[in-house]
Structure formats: structure tokens, C-alpha cells
Amino acid sequence: MMAFTKTVLKVCFILALGSGFSANAIGQIVTPSLDPTEPVLMPSASGWRESMSVGVKYLERSGNRKLDGSQVYQLDSAGYGINTSLNFSNFFLDAYYGTDTTDVQGDPTNDGPVNLDSNDSRLNFSLAGDGFVTIGLGGRVIQSTDFADASNDSVKATETRTIGSISIKTFDMFFIGLGYERVKESGDYAVNLNWNNMNGGVAMKLGDPGGVRLRLEYSLAFSSKVENDAQGDRVGNVHPKTSVSYMAGELMFSGLLFAVKGEETKMEVDLSDYNGGEGIDEVKITKSQAGVLWIPGNGLTLGFYFVTDQTTANYIDKTSEFRIHLGYLF
Amino acid sequence: MSRLLFAVLSIFLASTSWAQVVIPSLDKSLPVEMASAVSWRIGSTIGIGTTFAQDETEAEKVDYYNNENAVLMAYQPGSVVGELYYTPVQRMNDWDTSSDALTTYTGLGGRFQLAIRGENRVSVGIGYGLDQADISSDTVKKNNYYEGSFSLRMLGGLYVGAGLQRTKLTYGSIGTLKRNRVVAGVALLLGNPMGNMFRTEASYKLSPEAQTDDEALTLSKTSEMQLSVEVLFADFLFSFLYQKTVMSDYNGSSNAYNIENNRYGLGYKLGSFTLGLYRHAGSEMIGDYRLVKRKYQCTMSFNFI
């Protein structure tokens, strides 16, 4: 029962990370999006920003969970995010806050984690040197409330990330980036847990502001399995071995930005008795998004994204999302 | 079940059925369907319209009734354009193909669209729309959608556009359906806004099948094709619009639900005012059953820079 609870909790938390707001930052470990109102994942990426901005976004998402081919939950989510990026000479500051709430309809006896509520706060600083390198420091706090099972229907957890990263530009168009995250997880149900998350990626950026531009980025994140046993009245906790791959492709001409992004997360788990059904050893989360935005040199920016998510465990969650972006570039 | 499906269909096609996709109509009181098309409006507009309809099946005939009243406001202070379209009065007939009977119900609808035009060459827009119908005293159906779209202007007067609508239909306590509707089109606009103009547009919309898990509510795969031609000559506006909608495998049978509509229009432009009169003639068919629809529509708009 302990291993079951620990793994379920972890899947809960990964789902929390996988909800709407994380999709905002797909493929921004090395370089920022050509949409300046998008938040970054690694702080050094913000050092390559070309303008100051403020942006808001609103999302609406819906889908369902199927277990053995039958729908057990209907999932309806809504959320919003606010991002601002400022720079003073070679100093860059990025701040982001996003929140996401999910309404679950279905029989709560269908055990299985569902993220009910998530708040994501990020603050990133970065210094740029000679157009060659950027170094960044950042902090990120994610608070989540998850449904774990019928008797633990509102499990709260907080994840705090301390981040350091570097990004190097070479041959005018290529970028290489590395980042390290120290993650601390705490909650009112399971024991605390700490682990390391390594990030790395490559990017290519062609074109100058005002002209035809192309940005491609491929990046990875990896963390090993970490486990803590139960203490007192709090149950044990485990972070499964996790790998995440990000891909981003953006093409901009005449101020019109076409963006395609994808993210795939794989977690090695041991859910041998999960739901009393067939056991699984991997949970996979895939996200795909495509959007169109108007990005002027300065002034009002507007756009939208369509996003599809799928989580494959011994159940399958499928959701689709519509997100609108509104911002101002200085 | 056929009754339920038709009611569902009619609200999906309610207040948006005549809207243009890529660029606005030369009759400025008519709304656009894709938000990005709002950017191609010339100036700001206040418009009103009213429609009277007649429905007839082999078994029943509902003589001319006030089908819809509408108001449109489009404001364009610069490169940002907003459009509000509201139909506070909608009256429609639900066609029960099992008995050929028509049952009247009322509703309302509206939508708001916001778009930005860049360099007079590109447009990006977002929109939200809502249609609501009171099917019975205890059954209300709502169809709302979010939309994102973009369009490009090339070679002076050629426009291409595409977008996606994420629709959500709630039918009383029976269930909720969600699906994505892809919209795309191409248009050609020639002439001088202060003189003679020619406009034509072709568009296509595709929605996949959607079904609630308990199969209580179903929407078949739906394709919609629309072609319109407008000529503004010597202050007279001549227009024609053809529309065909096909719902395949309707009601789980091999019968498709076919809807065909033709709209003929004559208008007159007097300075900043435009007056339009339209005649709609259409039919809806499922197998051997047929519903004939006739409409007369009057529009009036005031345009200002």
C-alpha cells in the first residue's frame, strides 16, 4: 500500500506540472520564444530577449479520462497567466504567475490522480555578456491540489525549484544551454523530498527583428529516482526517474508568428497493483501545440494556441485546450 | 433521437450561418465568422437587421414569422478592430423527421471578436460566441465557442484565411459535447471603397463526429461549403450566396442530412448608409423527408471612419 500511495502521489504531482501553465514554456530552455510574452523555463534563456513586454493569457481546456475504454471522468479546466519581462542594459528580469483549476465530474471511487488546482510562480534574473553568453538564476514555486483517491481527495503539495543556467551563442545562429534545478517537494500528506533536475538543449535562430525569422530548439530534462520512507503520520514519497524532451519550431514573417511545439514526459513507475488492473511500468505525457500570433516591433500583440494533451498510464487522459494571448511590447 | 439531433444542428448553424469567413461582406451590417476577417473592415459600422422566415414540410407549414433581429457594432480606431454581433430575438422551428412536424422554440445569440491588422497584410483574431435556445420549459441548450484565426492579404486583393473554433454544446441535462471546427477560405476583393467594387469568397468548414460517452447526444461529421459573389456598381449592391451543409451518417443511418441555401440580395449605398434586401431559398433533406425554408431579410448600416 505504501509504494502504491507514494507512486500515486508522484503521478499526481507530475500531472500538476503537466497541466496548462507548463505548456506555456515548451522549448524555452536555451532561447526564448519569438513571442516575447511567453515565459521561459531556464533563466539564462531570458538573456536573449529582444524587447520588454507584458502579457496575459487565458485558457480553457476539456477532455476525459478513460479506463478500460470507458469514460470515468470528465475534465474541464480554466486558467490564466501573467508574464512580464524587463531589461536594463545587460540585466534581464522575468516574472510569471499562472493558475489552473480543473473541475472533475465522475465517480470519485475511480482511483487515479487528477490535478484539481495549480499555481505556478516564477522569477528569473539573467546577465548577458558581449552577445556571447547569458547566465541566469531563478526560482519557481508550484503549489498543487490533487485528487489521489476517494479517501485522499484534496492532497496539497508545494514544489520549490532553485535554478541556475547558462546559454552560449556560437556562429551567430546556434545556441547551447545547460541548466540545473534543485527541487524540494513538501506537503501535508507525504514526507518531503529533494532531487536534482538537469536540463540541456540546442537552438538555432535565423533572421533579424522585422524580417523573416526562424527559431528551432530541442532540449531535454532528466532526473533520477529519489525515495524517502514514511515518517510519523506522513506517508513515504518517491520521485520516479523522469525524462522530458521538448521541441519548438517558430516561423515569423510580416509580424505573423506560426509556432509548433511539443513535449514528451516519460516516468519509470511501478504500478503493479494500480486500480487492481493491469500493471504498468511507465507513465507517458505528450503535449502538442500550434499557434498563430501577431508580434509587432512594439505595440499590442494578440494570438492563440490550440493544445492537445495525452497522459497514458493504466488509464488514458485526453484533453484539448484553446489559449488566447494578449500582450504589449515596449 | 432525430428530433434531438436536428435541434442540436440548428443551434450550431443559427446566427453564424450567413457570416463571411475571410473578409467582410460589402454589406457592412452582416457579421463575419472568423475574427481575423474583422480586420479587413473599412472603417467602423453600426448595423441592424431583421429576418422573416417561412418553413414548410409535407405535413405542416409555419407561415412567415420574425425569425431573427440583429444588431452589429464594429469599431476600428486603428489597427485593432472589435466587432460585437447580437441577436436578442431568434425564433426557429425544430423539425421532427419521424412525424414531419414543426415545433417552434426561441433563443438568442451573440459573439464578440477582436483582431489586429499588421502592416495591412496580415490579421490575427480571437473570438467568443454564444447561442442559446429554450427547447422546452425545462430544457435549454447552449452552444458556445472560442475561436482563433488568421488571414493574409496578397497581391493587393487576394486574401486567404484559416481558423479553428472550439465549440461546446450543452443540451439540458442530457449531456455536453465538445469538438473543434476547422474553417478555411479564400477571397478576392477588387475596386475602390469609394466607388465600384467586386468581391468573391469561397470557404469550407469541417467538424468531426462527436458523441457523449453514453451516446445520448451525437453530432455527425459535418462539412459546410459556402460561395459568395458581390458587386457594388453605381451605388447598387448585387449579391449571391450559395451554401451547402452535409452531415454524414445522420442519426447513425446511411442517410446524410443535406442542407442547401441560396441567398439573393439587392442593396443601395447612400453616402455612409447602406440598405440591403435579401431573399433566402433553401431546403433540408433527410432521405425522403424535406423541409423547405424561405426567408426575407432587411439590413441597414451606417459606416464611418
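User: Let's start with Phe302(B): is this residue buried, partly exposed or exposed?
Analyst: Bear in mind that this is a predicted model. The relative accessibility of Phe302(B) is 33%. Buried would need under 20%, and exposed over 50%. So Phe302(B) counts as partly exposed.

User: And how do the rings of Phe302(B) and Phe304(B) sit, stacked or edge-to-face?
Analyst: Phe304(B) is partly exposed, at 30% relative accessibility. The ring centres of Phe302(B) and Phe304(B) are 5.8 Å apart, with the planes at 25 degrees. Planes under 30 degrees apart count as stacked. So the pair Phe302(B) and Phe304(B) is stacked.

User: What about chain A: what is the angle between the planes of Phe253(A) and Phe258(A)?
Analyst: Phe253(A) is partly exposed, with a relative accessible area of 26%, and Phe258(A) is partly exposed too, at 22%. Their rings form a stacked aromatic pair, 5.7 Å centre to centre. The angle between the planes is 20 degrees.

User: Which residues of chain B belong to the cluster with Tyr58(A)?
Analyst: Ring pairs build this cluster, and chain A brings Tyr58(A), Phe304(A), Phe306(A) and Phe322(A) to it. From chain B come Tyr128(B) and Tyr146(B).

User: Where is Asn192(B) in chain B?
Analyst: Asn192(B) is partly exposed, with a relative accessible area of 42%. Strand S8 covers 175-191 and strand S9 covers 197-207. That puts Asn192(B) in the loop between strand S8 and strand S9.

User: What separates the C-alpha atoms of Asn192(B) and Ser39(B)?
Analyst: Along the chain, Asn192(B) and Ser39(B) are 153 residues apart.

User: How many strands does chain B have?
Analyst: Helix first: the secondary structure of chain B includes 1 helix. The strands come to 16.

User: What radius of gyration does chain B have, next to a compact globule?
Analyst: The C-alpha trace of chain B spans about 55 × 40 × 35 Å along its principal axes. For 305 residues, a compact globule would have a radius of gyration near 19 Å. Chain B agrees with that, at 19 Å.

User: What share of the residues of chain B count as buried?
Analyst: The accessible surface of chain B is about 12,200 Å², and carbon and sulfur atoms hold 60% of that. Buried here means under 20% relative accessible area. Of the 305 residues of chain B, the buried share is 56%.

User: How far apart are the mean positions of the positive and negative charges of chain B?
Analyst: Chain B carries 27 positive and 29 negative charges. Their mean positions are apart by 8 Å.

Notes: Residues numbered from 1 in each chain as written. Chains lettered and ligands numbered in written order. Predicted model: local features only at pLDDT ≥ 70, side-chain atom pairs only at ≥ 80, totals over all residues. Heavy atoms only, no water. Helix = DSSP H or I, 4+ residues; strand = E, 2+ residues; numbered from the N terminus. Rg over C-alpha atoms; globule rule 2.2 N^0.38 Å. Buried < 20%, exposed > 50% of the residue type's maximum accessible area, 1.4 Å probe, protein only. Areas by Shrake-Rupley, 256 points an atom, 1.4 Å probe, with all protein chains shown as cover. Lys, Arg positive; Asp, Glu negative; His and termini not counted. Charge placed at Lys NZ, Arg CZ, Asp CG, Glu CD. Phe/Tyr/Trp six-rings, centres within 6.5 Å; stacked < 30°, edge-to-face > 60°.
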